Number of protein chains: 2
Amino acid sequence: MTEATLDVVGIGNAIIDLLTHADDKFLERHQLARGAMTLIDEATAERLYAAMGPVTRASGGSAGNTIAGLGSLGAACGYIGKLRDDELGAAYRHDLLAAGVRFTTAMATDGPATARCIIFVTSDGERTMNTYLGACVNLTADDIDEALVASAKVTYLEGYLYDDPQAKAAFHRAADIAHAAGRKVALSLSDAFCVERHRADFLDLVQNRVDILFANETEIASLFESNDLDSAFAKLAAMVELAAVTLGSEGSVVVCGDERIKSPAARVERVVDTTGAGDLYAAGFLYGLTRDQPLAECARIAGLAAAEVISHFGARPETPLREYAGLA
Amino acid sequence: MTEATLDVVGIGNAIIDLLTHADDKFLERHQLARGAMTLIDEATAERLYAAMGPVTRASGGSAGNTIAGLGSLGAACGYIGKLRDDELGAAYRHDLLAAGVRFTTAMATDGPATARCIIFVTSDGERTMNTYLGACVNLTADDIDEALVASAKVTYLEGYLYDDPQAKAAFHRAADIAHAAGRKVALSLSDAFCVERHRADFLDLVQNRVDILFANETEIASLFESNDLDSAFAKLAAMVELAAVTLGSEGSVVVCGDERIKSPAARVERVVDTTGAGDLYAAGFLYGLTRDQPLAECARIAGLAAAEVISHFGARPETPLREYAGLA
């Protein structure tokens, strides 16, 4: 097994976020699923865009946010995701390269446009996401850069990839390459409704192909169809090497064999926008892990990275995270 | 004189902001004028874009920010500015319409692309702006919608328009229409270097065509080539009906005849990014003024609107300003 040259390679849906504020009446009027990620078609995306308030545009996507966070912490990263060669695609690519991320996936020259996620943030900081997958549906197993995946200590996959059959094949190929190279595979469960859509697949995946699992409590409840966290932790301990379960304002619990390492949430002045909270938790955690830090320290950095991102609008860090986490 | 149907019409350079964080070393390496607005050509824009970190994209432009702020406060507004019919232009237009702003300016179907401002925010919250004017240079006197201007209580002009000879003619036409309709003309001095470039013109303008002047202390110092604020206030009192001079963390002074109304700055947890501070001060002030509020109350709302915008990344309000200013 050769020395890894990268810390983490992330694979996910490459999506431009279009964020705005909205009130509950707006969500009701447009029948949006509050707090969830809902897949929408292009016509719905156009309709919601026309109805939405002034927009802040930034690169997003779950694994993309995690990789941007890792870059901000100083980790060496790569990213695999499908963009179209349009303006949004160029913007997404710019942001990856600007964060020092290795990005080798060929951009589609035809087919659907670069993906967009229309995000409504309510005054409680909750985000309601509506994703038009666009070019993402054309990510295939052929897009998995074998050398890139094999070179990273951890391959990080987002559960959202399962919403597309071809991306699922890409997902499996990446996991196989990583394991064949003696690396670890991490998975984020992404969203409770996503887990609902792919429960049997996810259970099989977690059991057989995943070493490190990231999830929040509602995703775990959906996975095991039970609200009993202690029993879920026991099941997780038997299925994966390591699981980090976030509990919102209650912090997180890291499950490792018989160990349960509980960490409080880092303090924030005001929760402005929870978009990207889970993604940045994973970034902080993987930063610590790829530097062989104790699990409690991994969880501490994770909590700080999440705290930074929920204290402002948008899913990617605004403050250089090395500084924010006191690592500079 | 017919009843005004709009509160404020803003006329300015319609610009998409591309924001990122940078440190002083970056500014030095790229020879950027810290804290200033520098005009750049397209090649320099491309070079800076390639060198800049991950980007947050949002509509900007001085008068555009002011109008967006006024919309957020609940005022009825219009905007005149030149966009190209490209993706950035469509995004800018979306944001105006989404804020309920009347926007009638024809978008250019050829010529330079929609304008961009590449903004580097340093850790002290200072912003360094680099503007490629693009399509803005094609704003002409013909773009001034006479009915729109005549319908607004106040026509608000940004000094930056003077950087282009054609826009200058548009500027004069708008002021003449407003006055002919018995309305007020407001001007923002925009930037100390902009004042430097057009000092004689600006002095003539302030003396002869402007009723309400917005400026910060460095712009006033540049206008009168003196750091003596009291003497500047006396000169302003003789030249315009009303002047609001912002003093950064020291708040602001409203000059009206012999009156000097000093207001403290509104408290913010942390100055994240000063982009748009002056623009939003003007928004709050004009909101109060068009509702016949006492000058001290105008300055209070102005200070709160500025406080909101400097407490986060980006030049336009994230929190609905009616709520923030306790007007809801």
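This is a predicted model: local features need pLDDT of at least 70, side-chain atom pairs count only at pLDDT 80 or more; totals for chains, interfaces and linings use all residues.

Reader: Thanks! So at what angle do H3 and H11 of chain A pack?

Author: About 45 degrees, with the axes of helix H3 (residues 62-73) and helix H11 (residues 277-289) of chain A 8 Å apart. Axes are lines fitted to C-alpha atoms over the stretch in contact, and angles run from 0 to 180 degrees between N-to-C directions.

Reader: Which residues of H3(A) meet H11(A)?

Author: On the H3(A) side they include Ser62(A), Asn65(A), Gly69(A) and Leu70(A). Their partners in H11(A) include Asp279(A), Ala283(A), Leu286(A) and Tyr287(A). Contact means C-beta atoms, placed from the backbone, within 7 Å.

Reader: And how do H3 and H11 of chain B cross?

Author: Their axes come within 8 Å and cross at roughly 45 degrees, so H3(B) and H11(B) are oblique as well. Thr66(B) and Leu73(B) are among the H3(B) residues in that contact, and Leu280(B) and Leu286(B) among those of H11(B).

Reader: Let's go inside. Which residues of the largest nonpolar core touch the most other members?

Author: Out of 230 residues, those are Val8(A), Leu157(A), Leu286(A), Ala305(A), Val8(B), Leu286(B) and Ala305(B). A nonpolar core joins buried Ala, Val, Leu, Ile, Met, Phe, Trp, Tyr and Cys residues through C-beta atoms within 7 Å. Leu286(B) contacts Val8(B), Leu70(B), Val154(B), Tyr156(B) and Ala186(B), leaving aside neighbours within four places in sequence.

Reader: Nice. How many residues of chain A are in contact with chain B?

Author: 23 residues of chain A contact 23 of chain B. On the chain A side, strand E4 (56-59) and helix H4 (87-98) each supply at least two residues. The largest share, five residues, comes from H4(A).

Reader: Switching topic: is Gln31(A) buried or exposed?

Author: Exposed, because 7 other C-beta atoms lie within 10 Å; the cut-offs are 12 or fewer for exposed, 20 or more for buried, and partly exposed in between. Gln31(A) lies in the loop between helix H1 (24-29) and strand E3 (37-39) of chain A, and its phi is near 50 degrees, a positive value in a residue other than glycine.

Reader: What about the phi of Glu225(A)?

Author: That one is positive too, at about 50 degrees. Glu225(A) is in the loop between helix H9 (217-224) and helix H10 (229-239) of chain A, and counts as exposed because it has 9 C-beta neighbours inside 10 Å. Most residues other than glycine have a negative phi.

Reader: Last one: where does Arg34(B) lie?

Author: In the loop between helix H1 (24-29) and strand E3 (37-39) of chain B. Arg34(B) is partly exposed, with 13 other C-beta atoms within 10 Å. Beyond its neighbours within four places in sequence, Arg34(B) contacts Leu27(B), Glu126(B) and Thr128(B). Val121(B) is 87 residues away from Arg34(B) in sequence but 9.6 Å away in space, C-alpha to C-alpha.

Note on methods
Residues are numbered from 1 along each chain as its sequence is written. Chains are lettered from A and ligands numbered from 1 in the order in which they are written. Two residues are in contact if their C-beta atoms, placed from the backbone, lie within 7 Å. Helices (H or I, at least four residues) and strands (E, at least two) are DSSP runs, numbered from the N terminus. Angles under 35 degrees count as roughly parallel, over 145 as roughly antiparallel, 65 to 115 as roughly perpendicular and the rest as oblique.
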